Amino acid sequence: MAINKEGNGYTFGFAAVMVILVGASLAMVSMGLKPDIKKNEADKKMMDILGSIDVESTRENAAEIFNTMVTERILVNAQGEVIRSATGPVDPADAEDPFNVDVRKEYKQMVSKIVQANKNDKPVLIEKVSELPVNYPLFKAEKDGETYYVVPMVGTGLWGPIWGYVSMESDMKTVYGATFDHKTETPGLGAEIKEDFFEEQFEGESTYEDGDFVSISVVKGTSSPDDKNAVDGITGGTITSNGVAEMVYRTLAIYDNYFKKQRAS
Amino acid sequence: MSEVAVEEKQEVKAPSEPLFSPKNKRLITDPLNENNPITIQVLGICSALAITVQVKQAVFMSLSVLFVMIAGNWIISTIRNLIPSRIRIIVQLVVVATLVTLVDLTLKAYVPDVSEKLSVFVGLIITYCIIMGRFEAFAMGNKQWPSILDALGNALGYAWILIAVAVVREVFGSGAIWGWKFIPESWMMSNGGFYMNNNLMILPPMALITVGVIIWIQRSRNTNLIEA
């Protein structure tokens, strides 16, 4: 009996077999390549963290440099209490390690909605964000005898997510360095946030003014060189620049709870 | 009855077509020039605009398309007689999507830097009209070997335009080829020299203009292509 290739039964059967075959083969390949992909992602993260304290690294030596320079990986909560702390080499497979906390995923799942709803009211925004069960990883690095604190941050640009790492000096008020990156910002405009000229402006800026936390604003046009709390925004990239300012403010305001406790002790 | 049997016998005896018969050769050479997917059919142009800032990206993109196209055309032409015609487009889509996912994972695992630069564009291969077009127009009606040649021709036709555009853009936009900066630092205006990279070349509009120039050259050399 010849099979009726136009019949419903055959069509469903074909589709089912195809889906099973494709699903199984993709799952196998995905599982096989997962360790490599994880390692590449971890290397990239290490390079970014090292970049924020002005240490050049490549994919090959990132892990080695990271393990010697970053002495402690801390997980704090919104109230500034230490939940967990880890030292020694990073294990990319250990989910408990503060290094492996996926801040981007947590931002996407919990924080971004609150940010969108309250973006014009900073105190309310910070209050609401502090109530979320989000973990905040912090990296303590030693370089030339000085201690630096590297803060990972995530925010929203014009078209999609932006993220970065800001390193604080040991006084926990002065920015030592910053790296930013983005997924889909416009080349030549918002995408410039990852260029050196923008990132270097953050060096030496202060998050405090007259003893109060104010973060660093990204202003339109040219900021006064004496103003230690503002950097120049990107022409034509206003929304991305504002996104960076919002991200820096929100994240540093949360970490400031931890920094305050550290300074007091 | 006997006549039919004789006829069948003759067909079996007929010599099989040589692997590189003139007809098969044309499958490869046509898409390179006279029937180029980008410049003549104007398909797959988005990627030609987006990822041609560097030659390295263009080469990896071309290799990805080459793989997806050859493997896809081969798979489709192998199972073409089994595919129910009502869901053939879905089947073609599944085949492209599977192959593209494989490529994406492989790039992520072995060339992470390139994978970052290509980012969404590898995933977007799924939507390339070039590939779906070849599946639907060629692989669905031809045997495996011609299908592979057809895929090879079209992928190479796509690749050479992509790489040509990337060479122009990287040379004038970044003063480099494959990341190697051949213009000495001391020539740069920022170091007191006379040379400056043309930042316009890095922006997508210049890719469109570069493709346009290639189309212009191609049509002026081959008057058959000029539409009345």
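Trainee: B:Asp113 is partly exposed; with what relative accessible area?
Mentor: Buried means under 20% relative accessible area, exposed over 50%, and partly exposed in between (1.4 Å probe, protein chains only). B:Asp113 falls in the middle class because its relative accessible area is 42%.

Trainee: What kind of model is this, and how are residues numbered?
Mentor: This is a predicted model: local features need pLDDT of at least 70, side-chain atom pairs count only at pLDDT 80 or more, and totals for chains, interfaces and linings use all residues. Side-chain values use heavy atoms, without hydrogens and water, chains are lettered from A and ligands numbered from 1 in the order written, and residues are numbered along each chain, as its sequence is written, from 1.

Trainee: Which side chain meets that of B:Asp113 in a salt bridge?
Mentor: A salt bridge puts a side-chain nitrogen of Lys or Arg within 4 Å of a carboxyl oxygen of Asp or Glu. Here the N to O distance is 2.8 Å. The pair crosses between chains, from helix α6 of chain B to the loop between α1 and α2 (62–69) of chain A. The partner, buried at 12% relative accessibility, is A:Arg59.

Trainee: Which chain B residue pairs with A:Lys44 in a salt bridge?
Mentor: The N to O distance is 3.7 Å. A:Lys44 lies in helix α1 (residues 8–52) of chain A and its partner in helix α6 (residues 112–118) of chain B, so the pair joins two chains. A:Lys44 is partly exposed at 22%. The partner, partly exposed at 40%, is B:Glu116.

Trainee: How far apart are the closest N and O atoms of B:Arg26 and B:Asp30?
Mentor: Both sit in helix α2 (residues 22–32) of chain B; they are about one helical turn apart because four residues separate them. Helices are DSSP runs (H or I, at least four residues), as are strands (E, at least two), numbered from the N terminus. B:Arg26 is partly exposed at 47%, and B:Asp30 at 23%. Their salt bridge has its closest N and O atoms at 3.1 Å.

Trainee: How many salt bridges are there over all chains?
Mentor: Side chains of opposite charge can pair when their charged atoms come close. Shared partners link A:Lys44, A:Asp48, A:Arg59, B:Asp113 and B:Glu116 into one network. Over all chains, the count is 16.

Trainee: Is A:Thr207 buried or exposed?
Mentor: A:Thr207 is in the loop between α5 (196–199) and β7 (208–209) of chain A. Beyond four places in sequence, its contacts (heavy atoms within 4.5 Å) include A:Met168, A:Phe213 and A:Leu252. Its relative accessibility is 1%, so it counts as buried.

Trainee: Which element gives the largest share of the lining of the second largest pocket?
Mentor: On a 1 Å grid over the protein atoms alone, a pocket is an open set of points where a 1.4 Å probe fits, with protein on both sides within 12 Å along at least five of seven lines; lining residues have an atom within 4 Å of a point. This pocket has 20 of them, with A:Lys119, A:Asn242, A:Gly243, A:Ala245 and A:Glu246 nearest its centre. Elements giving two or more residues are α3 (103–117), α4 (122–130), β9 (217–219) and α6 (238–264) of chain A. The largest share, six residues, comes from α6(A).

Trainee: What percentage of the residues of chain A count as buried?
Mentor: Chain A has six helices and 10 strands. Its C-alpha atoms fill a box of roughly 90 × 40 × 35 Å along the principal axes. Of its 265 residues, the buried share is 47%.
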